[in-house]
Amino acid sequence: MSVAVAFEDYSLGYDRNPAVMCLRTEIAKGSLTAVVGPNGAGKSTLLKGVIGLLPPLSGQMSFGAIQCKDISYLPQQSEIDRSFPISVRELVAMGLWREVGSFRGIGRSHNARIAEALAAVGLDSFEKRAIGSLSGGQFQRALFARVLLQNSPLVLLDEPFSAIDAGTTADLINVVKHWHGEGRTILAVLHDIEAVRAHFPETLLLAREMVAHGPTDKVLTAENQFRARQMCEACSGPPHTCTRHAS
Amino acid sequence: MNRLRGDSVGLIMLSAGRRIAIASILVAALWALFFWATSTPGGL
Amino acid sequence: MWELLFQPFVDFGFMRRALLGCVAVSVGATPLGVFLMLRRMSLTGDAMAHAILPGAAVGYLVSGLSLGAMTIGGLIAGMAVALLSGYVTRMTSLREDASLAAFYLISLALGVLIISTRGSNVDLMHVLFGSVLALDNAALTLLCVIASLSLFMLALFFRPLVLECADSQFLRSVSRLSAVSHFIFLTLVVMNLVGGFHALGTLMAVGIMILPAAAASFWTTRISGLIALAAAIALLASYSGLLLSYHYSLPTGPAIILVAGAFYLVSVVFGIQGGIVQQTRTVSAVEI
């Protein structure tokens, strides 16, 4: 099994305060991995590191076969201005960025694909609506359609199912499973442990340092979760230098 | 037909070339106004 | 009717020049104002407009009421404050609005002080309120060049600029143009404020940038429509402001800004996107 992303003593953070420390593991190509952990465990920070929004404090990250520009990233909803005056179609069309960049037009040849992506997330009749008029669930569907158009081998999702209704969550989990079936590598930050157990074969448990990584039922033991919580309470103090590697 | 309806042809979907073409029309109009305003008599 | 609406521009060169100056400021500055508003940076625009004042004042100190010196001084000071205020917000715990207000008050006081040491009250009035009725060819050329450049740059970088406002995380994940487009945007804002300051003065230049954008936001939910509508409102406000000032002998800059302000107030009340009338209607519909 080949590797999609490999971390070697990888540390990430803001202003020299590490939020992720000494991460040493590999994400297998084609895997569907949930990133879980207590609040402040560095889950979202890890995704920002992978996409290149944050430079590492130390250590290295390497991609296997994929190019680092072949990554789709779905930020947390709160980081997008939902009152911004563009239509659903325009927002979704930005998923074509790697093909059209800043300067090429989005024309007839792309229309079919945009319509297809909208249909896949159940937003067929919404394309002309302003994004501000969508509900939280509908907006998340639109963002998934944008990821769909990006058509990347590696997909990073940051809290994709938080604050949306059950029906939408079920639909979007199906979209994620479909991506998994197509052989894409998916890394999703989640806080709903039940959903992780039900749908995600792999789990990476994080509490600033890595607690465990592997098949979900072996990682999400009561013991591991307790340890993660303890480590996170301990890490609210000043950061210590990293001396040991999590196994 | 879609192209005729204003709401579905946002500037963001156009190529940079087309956007510049639109800008050129406005700029041309501006400079036409410039020559009308500065060259005809009437004094300050 | 013809005499009321068009005769002044046919008869008097200074009215045609004033119209041209206002049109140039309108088409160049209002699209930028739309972006400023959408990024919740309206106050930044205001602070930058005031920051230009001491720069222009130093230019004035060096060579009197010279177009070139005051423009260059204004550009340097404007860019400095644009970059500094971003830096202060990032590096200190001071909230952005407070740091901007500080910059803007210091700049305004400093600018007025510098001009007063050398010049007369007339010079001061010129800088603060502009001289739209006395624009010479050089000033008009400058205004038109700035407007043309703004339109072309906006056309070229429209897509990254929009994404930078709507979803900058996404833009940074797909493109390296995020920082570039932000810098281009700030540069264009400063350039337009400097241009606007020759026509409308430092205090009013930011008004023609922000007011039409704020008014337009009550009528449309598409950015393209927003830009077109804001520019149209700015043009209409310039034209009617000029006529009002001509027929009733009012100061021109304030007349133009007040017409734009009237558009804004009407939009707040009657606008179909969240105007007061519309909101009360929806509320009462829900209650029934």
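In this predicted model, strands β6 (residues 154–158) and β7 (residues 185–189) of chain A run parallel and are joined by five bridges. Within this pair, A:Leu154 stands opposite A:Thr185 of β7(A). Strands of a sheet pair through backbone hydrogen bonds, in either a parallel or an antiparallel way.

The two strands belong to an open sheet of six strands in chain A, with the order β5-β6-β7-β3-β8-β9. Its pairing is mixed. The edges are formed by β5 (71–74) and β9 (209–215) of chain A. Each has a single partner strand, so one side of each is left without a neighbour in the sheet. On average, neighbouring strands are turned by 15° against each other, direction ignored. Helix α5 (residues 136–150) of chain A packs on this sheet and touches β5 and β6 of chain A. The direction of α5(A) makes about 175° with that of β5(A).

The contact takes 28 residues from chain C and 25 residues from chain B. Together the two chains bury about 2300 Å², 74% of it on carbon and sulfur atoms. In chain C, the most area is lost to chain B by C:Arg16, C:Phe152 and C:Arg159, together 25% of what that side buries. Zero salt bridges are counted between chain C and chain B. Six residue pairs are in polar contact across the interface, both residues at pLDDT 80 or more. Elements giving two or more residues to the chain C side are α2 (7–11), α3 (13–38), α8 (137–156) and α9 (158–166). Of these, α8(C) gives the most, with 11 residues. By class, the chain C side has 18 nonpolar, five polar and five charged residues.

Terms used: Residues numbered from 1 in each chain as written. Chains lettered and ligands numbered in written order. Predicted model: local features only at pLDDT ≥ 70, side-chain atom pairs only at ≥ 80, totals over all residues. Heavy atoms only, no water. Contact = heavy atoms within 4.5 Å. Buried area = accessible area lost by both parts, 1.4 Å probe. Salt bridge = Lys/Arg side-chain N within 4 Å of Asp/Glu carboxyl O. Polar contact = N/O pair within 3.5 Å; in protein donor to acceptor, adjacent residues only side chain to side chain. Helix = DSSP H or I, 4+ residues; strand = E, 2+ residues; numbered from the N terminus. Nonpolar A, V, L, I, M, F, W, Y, C, P; charged D, E, K, R; others polar. Pairing = 2+ DSSP bridges. Axes fitted to C-alpha atoms, helices over the stretch in contact; angles between N-to-C directions.
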